Amino acid sequence: MARVLIVDDSPTETHKMSTILDKHGHEVITAESGEEGVAKAKETLPDVVLMDIVMPGLNGFQATRQLSKHDTTCHIPVIIVTTKDQETDRLWGKRQGAKGYLTKPVDDGTLMHAIKDVLP
């Protein structure tokens, strides 16, 4: 299956998404900040990135923009997974290069469908 990088500063959210992904046979990599997420994406080249927005330091919008602009990571689809559910946030996420946008809490079916939609 897919190698999925979860970038989220909440251990609870990371655990929830990891459990869902593990259950469906995906390999999970985690990062606790935007900076760490960008570094791990460049290092491991995951198939998809699940990106939180609200994080200290480099936020998810900034990290998504860096990934979508860098030569080695621009092909990796980013799905934003956040509590921010305003239409302006969705539009801004897409403008930063995100291929999907999910609002927490995310259930099993929604997460798996979103990942399936962005993978080739």
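**Glu 13 and the chain around it**

Glu 13 has its place in helix α1, which covers residues 11–23. Keep in mind that this is a predicted model.

User: How much of the protein chain is buried?
Analyst: Buried residues come to 48% of the 120 in the chain.

User: What makes the radius of gyration of the protein chain agree with a compact globule?
Analyst: Just put two values side by side. A compact globule with 120 residues would have a radius of gyration near 14 Å, and the protein chain has 13 Å, so the two agree. As for its extent, the C-alpha trace spans about 30 × 30 × 25 Å along its principal axes.

User: What share of the contacts with a separation of 6 or more joins residues 24 or more positions apart?
Analyst: That share is 61% in the protein chain.

User: In what order do the elements of the protein chain run?
Analyst: From the N terminus on, you get β-α-β-α-β-α-β-α-β-α. Counted up, that's five helices and five strands.

User: How far apart are the mean positions of the positive and negative charges?
Analyst: They're 6 Å apart, with 14 positive and 18 negative charges in the protein chain.

Terms used: Residues are numbered from 1 along each chain as its sequence is written. This is a predicted model: local features need pLDDT of at least 70, side-chain atom pairs count only at pLDDT 80 or more; totals for chains, interfaces and linings use all residues. Side-chain values use heavy atoms; hydrogens and water are left out. Helices (H or I, at least four residues) and strands (E, at least two) are DSSP runs, numbered from the N terminus. The radius of gyration is taken over C-alpha atoms; the globule rule is 2.2 Å times the number of residues to the power 0.38. Buried means under 20% relative accessible area, exposed over 50%, partly exposed in between (1.4 Å probe, protein chains only). Contact means heavy atoms within 4.5 Å. Lys and Arg count as positive and Asp and Glu as negative; His and the chain ends are not counted. The place of a charge is taken as NZ of Lys, CZ of Arg, CG of Asp or CD of Glu.
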